[in-house]
Amino acid sequence: MTYDETGVRATMLRGGTSRGLFLEAGDLPADPAERDDLLLRLMGTPDPRQIDGLGGATTLTSKVAVVSPSDDPDVDVDYLFLQLGVDEATVSDRQNCGNILAGVGPFAVERGLVPAGGDETSVRIRMVNSDSVAVATFPTPGGRVEYRGDVAIAGVPGTAAPVVLAFTDTEGSATGALLPTGNVRDTVEGIEVTCVDNGMPVVLATAESFGLTGHESHEQLAADAALLDRIDAFRRKAAQLMGMGDVSRASVPKTVLVAPAADGGQVSTRSFIPVQPHTSIGVLGAVSVVTGMLLPGAVGHELTAGWPRDTSQVDVEHPTGHLLVDVVVDGSVTPPRVVRSGVVRTARKLFDGTAYPRA
Ligand code: NQM
């Protein structure tokens, strides 16, 4: 079949602070190479402006969710996340996306893949990229997904209905281990790091070790070409230690620099995904960073000294606001064990229709 004439049934949703095209696996070519070629043409990659496609010319808006009913009786749907390049013709399944994940439950109900459960529906989602499970819970009054609500998340104007995401088995999502190097602390290019993977492989370092305050704006960081080159070289070296091989064309690992909080939160973060700075922070990126920081001996652990002991919620500052994550980790056992992690996001359906690929 040539999709050029028929197009493909597609829904676009904002999930958290990202935006992506949501497609059913059954509507796409079964062959991954043919599928990827179609996705690149739908999104308008490669082109720095993605002018002839549906991508939004940033990595945060060049994302695709492929959803299908699951064979596994313990979950409802499978979600394959694909990160498309913007100016390079790349399609990568090497990372998860916790923001786009926020749209998967609503999409599954909209498409009839999962029945609405009552006032609220919980959808069990296998994140195929990492073979881990997330449960998404969101309002469905009268059997319809309700996107309107009063939850505000930093980086998105207005308010919307909450999508509560609870993660299980996210340890070692891309690397096989929570501490992929086997150590809680390593040195990369003379910089002390903690390499951690609780849903997203992250190289955690202090902002200070890069000569930064950790409170720079997104624009300041994006304009610092020497810094971005340094980050790229740094994360490639770290990836070797993490057993990830050559990551020059991969979107992981991410680098996250931490510093004392400056706006009433518990830690300030500046993330690089993997080279350009994030305008906020990825969901699983933030969960991984907090997990790492909670481990005695880790980089940034000293910043946790003043964190309240009566809650597992951690207020993570990023360039455009705050992200609240919920993480409980048992660092007293070897290797450390994640007891629980989760986050609250919102999502919104932007369009549902037929998408046409460029020739
Ligand atoms: O870490 C961006 C995003 C992400 C990923 C990135 C994400 C996550 O903000 O779970 O959400 O790190 O490339 O969408």
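Predicted model: local features only at pLDDT ≥ 70, side-chain atom pairs only at ≥ 80, totals over all residues.

Me: Into which domains is the protein chain divided?

Reply: Domain bounds come from an automatic or database domain assignment. Here they give domain 1 (3-168 + 346-355) and domain 2 (186-334). Their C-alpha centres lie 25 Å apart. Contact means heavy atoms within 4.5 Å, and 17 residues of domain 1 are in contact with 23 residues of domain 2.

Me: How many residues does the largest nonpolar core have?

Reply: In soluble globular proteins, nonpolar side chains tend to be buried together. A nonpolar core is a set of buried Ala, Val, Leu, Ile, Met, Phe, Trp, Tyr and Cys residues joined through side-chain atoms within 4.5 Å. Buried means under 20% relative accessible area, exposed over 50%, and partly exposed in between (1.4 Å probe, protein chains only). The largest core has 82 residues, and Tyr79, Phe167, Phe210 and Val325 have the most contacts inside it. This core draws at least three residues from each of domain 1 and domain 2. Apart from it lies another core of 18 residues, among them Leu21, Leu28, Leu40 and Ala355.

Me: How many aromatic pairs are there?

Reply: A pair of aromatic rings is described by the distance of the centres and the angle of the planes. Rings of Phe, Tyr and Trp (its six-membered ring) pair if their centres lie within 6.5 Å; planes under 30 degrees apart count as stacked, over 60 as edge-to-face and the rest as tilted. The count comes to two aromatic pairs. Phenylalanine 22 and phenylalanine 107 form a tilted pair, 5.7 Å centre to centre with 45 degrees between the planes. Phenylalanine 22 lies in strand β2 (residues 18-24) and phenylalanine 107 in helix α3 (residues 98-110), so the pair ties together parts that are 85 residues apart in sequence. Helices (H or I, at least four residues) and strands (E, at least two) are DSSP runs, numbered from the N terminus. The rings of phenylalanine 210 and phenylalanine 234 have centres 5.0 Å apart and planes at 90 degrees, so that pair is edge-to-face. Both phenylalanine 210 and phenylalanine 234 are buried.

Me: Which residues of α2 are buried?

Reply: They are Arg35, Asp36, Leu38, Leu39, Leu40, Arg41, Leu42 and Met43. After α2 comes glycine 44, with a positive phi near 85 degrees.

Me: Is histidine 278 buried or exposed?

Reply: Histidine 278 is buried, because its relative accessible area is 3%. A polar contact is a pair of N or O atoms within 3.5 Å; within protein, one must be able to donate a hydrogen and the other to accept it, and residues adjacent in sequence count only if both atoms are side-chain atoms. The side chain of histidine 278 reaches the backbone nitrogen of serine 280 at 2.8 Å.

Me: Which side chains does aspartate 352 join in polar contacts?

Reply: Its side chain has a polar contact of 3.0 Å with that of arginine 9, and one of 2.6 Å with that of threonine 11. Aspartate 352 lies in strand β16 (residues 337-355).

Definitions and conventions. Residues numbered from 1 in each chain as written. Heavy atoms only, no water.
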